[in-house]
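Hi there,

Here is the structure I promised to pass on to you. Please open it beside this email, and read on below for some notes on its charged side chains.

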Amino acid sequence: MSQGFGHLRVPARLIALLCVSAVVLASCGTSAVVVKTHLDGTPAISISVPLSAISCTLNDVCVTVGTATNGDGPTSVAEFSSPKGNWFNLAIPATFPTLLNSVACSGFECLLGGSRPGQDLLFQFNSHGHTLMSVVPPSGGIGITALTCNATTCALVDSGTTGEPRFSVSSDAGTTWTNPAPVAWAKGDAITAFACGSALECAVGVLSASHAFSLYVTTDGGATWNESTTPSAWTALTSLSCVGERCEGLASTSSSSLLVRSKTFARTWKSVKLAQPTAALACFTFSRCVAVGERSSAKPWLATIHDDSATDVDLRYVPSPLLSVACGSKVCAAIGVTTLVNVPVPS
């Protein structure tokens, strides 16, 4: 048994079919039938360190990370789940202060990224052996800002010593990286969305200090970037994922949350209005997704989506709104600040 199996977590379980009700889901006049079911939350191992990011491999192992900062510096935690939904502690090396802020998974490996004093910090997790090892990030970085992976390609954005963002791509799950290419147009902006459909096609969504949203796309592996036209009502784009030319994401407007889909790699979009304020979205196929967020009075909310129809799910033992969600091939998992929720993929 590896050191990663320090703590067994009981998975959230789908308990029973409860009731059927109808609500209207606004998307080109379509209606959505909502079927309520139960899912149970599971407490995170470290209640004192909030979870902040989650991702799942294509062989259905999920990894979540979080960091808390106190007078002694940042403290990071990580957990991983088996395909059956059991959660285990993933021990982070304690030889230096670590700040983990992102995780991205490919076929059977995950990258955990962040920073340590004056340097990029990058770990590689192998879902077969449940091992975690340090890997060498692109040289000259002082902190990884964003990570993304699909079945064949991983990419990252980090900060150079001058504070200018840089873009790098890996075709071997983070073992080696291309030379960092500067992305000066993103300096001073917050990255809200990051996804690659291939080693050459990637998209980055940014929010400026004045809260203006922009989406940039490269089709040549980061050598050049062009701003992509997005609907004027969008105030942000998050939860972006792409496979080939197909992308899904979560767009925000001043009054609603939208599931948005593109078959032209972020050039044109179709949208589905979501019934609740949505914090994150993940898809296991182009037509099937899971959305999480909160209802009124800060109550957690989770729904599965098939095409343009949403299925609300009742949650138990989930004390706060859900923050993020990720999907593998057959399972999804969501996190709150101190809670894990396993989501069986509907048949």
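First, a term you will need: buried means under 20% relative accessible area, exposed means over 50%, and partly exposed lies in between (1.4 Å probe, protein chains only). Please keep in mind that this is a predicted model, where local features need pLDDT of at least 70, side-chain atom pairs count only at pLDDT 80 or more, and totals for chains, interfaces and linings use all residues. Residues are numbered from 1 along each chain as its sequence is written, and side-chain values use heavy atoms, with hydrogens and water left out.

How many salt bridges does the structure hold? There are five, a salt bridge being a side-chain nitrogen of Lys or Arg within 4 Å of a carboxyl oxygen of Asp or Glu. Here are some of them.

Asp158 and Arg166 pair up at 2.8 Å, N to O, and both residues are buried.

Asp308 and Arg261 form another salt bridge, at 3.6 Å from N to O. This pair links distant parts of the chain, 47 residues apart: Asp308 is in the loop between β25 (300-306) and β26 (309-316), and Arg261 is in strand β21 (residues 257-262). Strands (E, at least two residues) and helices (H or I, at least four) are DSSP runs, numbered from the N terminus. Asp308 is partly exposed because its relative accessibility is 27%, while Arg261 is buried at 11%.

Finally, look at Arg295 and Asp312, whose closest N and O atoms are 2.9 Å apart in a salt bridge. Arg295 sits in the loop between β24 (288-294) and β25, and Asp312 in strand β26, so they tie together parts 17 residues apart in sequence. With 24% relative accessibility, Arg295 is partly exposed; Asp312, at 11%, is buried.

Happy exploring!
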